[in-house]
Amino acid sequence: MSARLDPVAGTERRTIPVPYGHHVYVVSDLSLSPTTKVESRPVKEFFNLLGDIDDPAIVVVAGNFFHPDPTSNLAKFIEATFQALPTLRDAILSFCAKEGHQFFVIPGRDDRELKESARARDLVEVLGVTVVSDLILQVAT
């Protein structure tokens, strides 16, 4: 794995080798917020995905993990979101704690502040998530 600091932001560009037999799951636009219903289809499916993966795997949220109001403090917004969705927060923590599991978030248009806000990044990275500016997967076939 190689990393290079993005000169514009505090996040890194990463290159990740994906060995033969490992899985990669890419999702986007979960748009989580404190008002997100845990029963909503996207959240349920994401929750189930995280709980069902036993083999080595990489999960990538390719943009818009969160959907804060334009005037929101992103760090406070993330705290409120995880406080409102503790089962999802715990599922992410559990997934990331398993050997061979990696979780990456590439900020999107709605949560682009993740690139600049160290406090906001810390709130997801404490769960085992890595915030990156972009991600290159070298897949063995």
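## A loop serine

Ser28 counts as partly exposed because its relative accessibility is 37% (buried means under 20% relative accessible area, exposed over 50%, and partly exposed in between, with a 1.4 Å probe and protein chains only). The model is predicted, so local features need pLDDT of at least 70 and side-chain atom pairs count only at pLDDT 80 or more, whereas totals for chains, interfaces and linings use all residues. Residues are numbered from 1 along each chain as its sequence is written, and side-chain values use heavy atoms, with hydrogens and water left out.

Ser28 is located in the loop between strand S3 (23-27) and H1; helices (H or I, at least four residues) and strands (E, at least two) are DSSP runs numbered from the N terminus. Neighbours within four places in sequence aside, Ser28 is in contact (heavy atoms within 4.5 Å) with Ala62 and Gly63. Its C-alpha atom is 6.3 Å from that of Asn64, which is 36 residues apart along the chain.

## Helices H1 and H3

Helix H1 (residues 41-52) and helix H3 (residues 86-97) have axes that come within 9 Å and cross at roughly 25°. Axes are lines fitted to C-alpha atoms, for helices over the stretch in contact, and angles run from 0 to 180 degrees between N-to-C directions. H1 is therefore roughly parallel to H3 (angles under 35 degrees; over 145 is roughly antiparallel, 65 to 115 roughly perpendicular and the rest oblique).

On the H1 side, Val43, Phe46, Phe47 and Leu50 make the contact; H3 contributes Thr87, Leu88, Ala91, Ile92 and Phe95. By class, this contact has 8 nonpolar, 1 polar and no charged residues (Ala, Val, Leu, Ile, Met, Phe, Trp, Tyr, Cys and Pro count as nonpolar, Asp, Glu, Lys and Arg as charged, and the others, Gly among them, as polar).

## Helices H2 and H4

The axes of H2 and H4 are 8 Å apart, at an angle of about 25°, and the two helices are therefore roughly parallel to each other. Leu74, Ala75, Ile78, Glu79 and Phe82 of H2 meet Arg119, Ala120, Leu123 and Val124 of H4. This contact has 7 nonpolar, no polar and 2 charged residues.
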